[in-house]
Amino acid sequence: MIGGGVIGTSVAYHLGHMGMKDVLLLERDRLTSGTTWHAAGLMATFGSTSQTSTELRQYTRDLYARLEAETGLATGLKQCGLIELAIEPGRLEEYRRVSQFNRLLGVDVHEISPREVAELWPLARTDDVLAGFYVPEDGRVNPVDVTMSLARGARMQGVTIVEGVTVTGFSRDHGTVAGVRTDHGDIEAEYVVNCAGMWARQLGELAGVSIPLQAAEHYYLLTEPIEGVDGSWPVLEDPASFGYYREEGGGLMLGMFEPVCAPWHVDGIPAEFSFGELPPDWDRMGPYLEKTMARVPVTEEIGIRKFFCGPESFTPDLLPVIGEAPELKNYFVAAGLNSIGILTGGGIGRTVAQWIVDGSPDIDVTAMNIDRLQPYQANPEYRATRTVESLGLVYATHYPFRPTKTARKARLSPIYDRLAARRACFRDVSGWEGADWYAPEGVEPGVGELTWGRPAWFGYWEAEHHATRNGVIVMDMSFMAKFLVQGRDAARELERISANQVAAEPGRITYTQWLNERGTLEADLTVTMLDDEQFFVVASDTAHRHAETWMRRHIGDAHAFVTDVTSGYAQINVQGPLSRELMSVVTNADMSNEALPFRAARFIDIGFARVLCIRITYLGELGYELHIPAEQAAAVYDRLVAAGEPHGLRHAGLKALASLRMEKAYRDYGHDIDNTDSVLESGLGFAVALEKPGGFIGRDAVAAQKAAGPLRRRLVQVLLSDPEPLLFHAEVVCRNGRPAGYIRSASYGFTLGGAVGLAMIDADEPISQRYLDEGEWSVRIGDATYPARASLRPLYDPASKRVQM
Ligand SMILES: Cc1cc2nc3c(=O)[nH]c(=O)nc-3n(C[C@H](O)[C@H](O)[C@H](O)COP(=O)(O)OP(=O)(O)OC[C@H]3O[C@@H](n4cnc5c(N)ncnc54)[C@H](O)[C@@H]3O)c2cc1C
């Protein structure tokens, strides 16, 4: 472990407990000297719609509660409660939705009235409060005491902790980390964990590992003592006032998350910065501070003891950076905590330690895994630009479809300008500008007012959806990750990695999962066999580096070579029942069902371009994926559009992609399926070639689960009967009034006539369609409950007739 903050000591503590021998933690200065020493120590289990994040918080709180009994050192945990204020209707709706989800996971949260808020927090202004959300078991902790207690607990398990040693470099051996260099000499190591907080990026660079995080100014204000303030009061949070409030030294601490923040030292964090503070920027913070103080009016009159500013690291998507670096095997990272390093530190430490000990994580890490990020995101300009927005998003109302505003246009499809001219409304798709929907003539493309209801552009989205179901559309998906895998052993290696049979026949695409030995999902993608020694692998943008690393590491020394060709090919989809007609106009290739059946892949000519045309769909209709050399993409697009006009060709965006695929219950890795799900629970058994010669990674686990009998955990499609409400994510799904799971991802089924989602359902009996039919299903959205249908087969075109026509 490099770094003796809360994260490094937590990883060390857990490795010690898991029986790892020869564990060494190196700290440059003294424990806590980076960011940990000055954290405010809020402990909140409420507020996230991520199961992973909520469980990390719960584990952390439980750990801090029991640590003193184990180590003899108190953590300062005070379960004085936490109140979140809702001032505007949008926030109230958010918290009601979150409450349902958090309760499902065991968080004891209560909605309380403004009067009850005033009783618990008499100094707060409550006349504009709509409601409070109160968690009696949350509260605060002392971050230094936590770290010292974790360090002692680690030492008790045989971990060595050395202060005053700086790591200055790394040694490597065949793509695997082999040790660290320090200012006191070299040390060999089988594993290295970079827990260097805001220094982690610079330290990563020394090993060739890209860690896109950036320190930013982070503030709290301490007042002089105030009469009547009581240390037993709950922590109060009012995101609308950018502030949180708790007792400190008889006065108050006012912590802040301002909407526009200031990155600190983009050029590099000074090596000698220890127990450091930054001079507060009163001019910049003044207006925000006024608003924060107004929630507790007494603070406007009382003396200020200190306006504290310290740096904390933020990441491009406000999620931590955890896991094994794609660039270097056995080099782990646990950093970029976005101001919740204390309240998730226990869980993060446990997860990273368990990942090292067992070889793969036991919770869903798809959103936190370091390999979701791209190296370019560590660029100074990218960090400087994006970080301005990151910190403020902590306290923004988390409306659906909220666009990121900064660091846009980092990656552009070759037909970006053409789509912009068609009035595409773009959103950030792993840094690409993804066309989300198209505004009609005379309408400015823009997200408009954020809402939990139907957005202003709902009708445009609907029209694109129906055009795909009934006519023909063109959709740019150039952001998809594309790899060429070539060599004498390519077929053998891809067969070993893939659960489905992918090398049966040249000119054929195969949908497959990649599994780990436990039989849970590592990737969900397609493999197209071009010829005996050449394969084309396509994965989603978020799985780009995970899929690539998984391939490279598993191929090892075999004669098979992976080339990332994402930038080399645009991907344009032509989909819909009229797509064959259109394709027949732009190419002289035979597009008939006989010549080009479902799953066929051929090189065809369109104008001057030679295009890889694959008959496949993610939308549930007859359709084609065209992979076009990037420099010819614009010309091919122009041909398609010119030829398509007489056929009523429309442009469709990624919102339509979401609604179309959800009606067909096509899965999306990292959204509705993840690394904790088995391929059978995910309903993807049809894509597993259990008996193929040579087997595949994870085969035994799949066979064992199959042999164990009918499943009691299955991914189920859920459709609301009422056409009005919308589903987004994390809504609780009930069977006979009892919670059975939650919506992992959702959209609106314009053809099915209601909101539709996918939920992982747990039951104490086998889950069959009969079990689903015999139950009464409903979904809780905020305070309302809506009847629903649940199905194992896709509700739209269950026999896939339209896809094969
Ligand atoms: C004002 C403020 C308020 C906050 N309030 C809260 C809160 O209420 N709740 C919450 O959960 N979080 C809060 N945070 C965030 C929290 O403090 C951080 O997320 C957390 O401390 C990060 O811990 P860390 O171990 O990753 O980093 P650090 O504590 O910075 O530890 C990294 C360590 O690595 C060491 N190091 C660096 N380079 C090297 C090297 N080359 N060799 C050896 N050692 C090295 C450093 O000396 C340092 O000790 C707050 C942060 C700030 C700034």
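Predicted model: local features only at pLDDT ≥ 70, side-chain atom pairs only at ≥ 80, totals over all residues.
Residues are numbered from 1 along each chain as its sequence is written, and side-chain values use heavy atoms, with hydrogens and water left out.

The ligand is surrounded by 37 residues, a residue being near a molecule or strand if one of its heavy atoms lies within 4 Å of it. The closest are Glu27, Thr36, Leu42, Glu312 and Leu343. By class, the shell comprises 19 nonpolar, 15 polar and three charged residues; here Ala, Val, Leu, Ile, Met, Phe, Trp, Tyr, Cys and Pro count as nonpolar, Asp, Glu, Lys and Arg as charged, and the others, Gly among them, as polar. An oxygen atom of the ligand lies 2.5 Å from an N or O atom in the side chain of Thr36. A polar backbone atom of Gly34 is 3.4 Å from an oxygen atom of the ligand, and a polar backbone atom of Ser339 is 3.1 Å from a ligand nitrogen atom. Taken alone, the ligand exposes 1,000 Å², of which the protein buries 98% (accessible areas by the Shrake-Rupley method with a 1.4 Å probe; for residues, only the protein chains shown count as cover). Two or more shell residues are contributed by each of helix H1 (6-17), strand S1 (24-27), strand S12 (214-223), strand S16 (304-314) and helix H8 (341-358); helices (H or I, at least four residues) and strands (E, at least two) are DSSP runs, numbered from the N terminus.

Thr45 is located in the loop between strand S2 (42-43) and helix H2 (51-71). This residue is buried, with a relative accessible area of 1% (buried, under 20% relative accessible area; exposed, over 50%; partly exposed, in between; 1.4 Å probe, protein chains only). The side chain of Thr45 makes a polar contact with the side chain of Arg61 at 3.4 Å; such a contact is a pair of N or O atoms within 3.5 Å, and within protein one must be able to donate a hydrogen and the other to accept it, while residues adjacent in sequence count only if both atoms are side-chain atoms.

An open, antiparallel sheet is formed by three strands in the order S8-S9-S10; two strands pair if DSSP finds at least two bridges between them. Strand S8 (167-173) and strand S10 (185-188) are the edge strands, each pairing on one side only. S8 is joined to strand S9 (residues 176-182) by six bridges, and Phe170 has Val180 as its bridge partner in S9.

Strand S21 (residues 473-476) is covered on both faces, with Ile473 and Met475 buried on one side and Val474 and Asp476 buried on the other. S21 pairs in the parallel sense with strand S31 (residues 650-651) over two bridges, Ile473 standing opposite Arg650. Four bridges join S21 to strand S27 (residues 569-575) in the antiparallel sense, and here Asp476 stands opposite Ile572. Pro577 is found in the loop between S27 and helix H14 (579-586) and is buried, with a relative accessible area of 18%.

A closed barrel of six strands, with antiparallel pairing, runs S32-S35-S34-S33-S36-S37. Strand S32 (residues 713-720) and strand S37 (residues 784-791) run antiparallel and are joined by four bridges; Leu720 has Ala788 as its bridge partner in S37.
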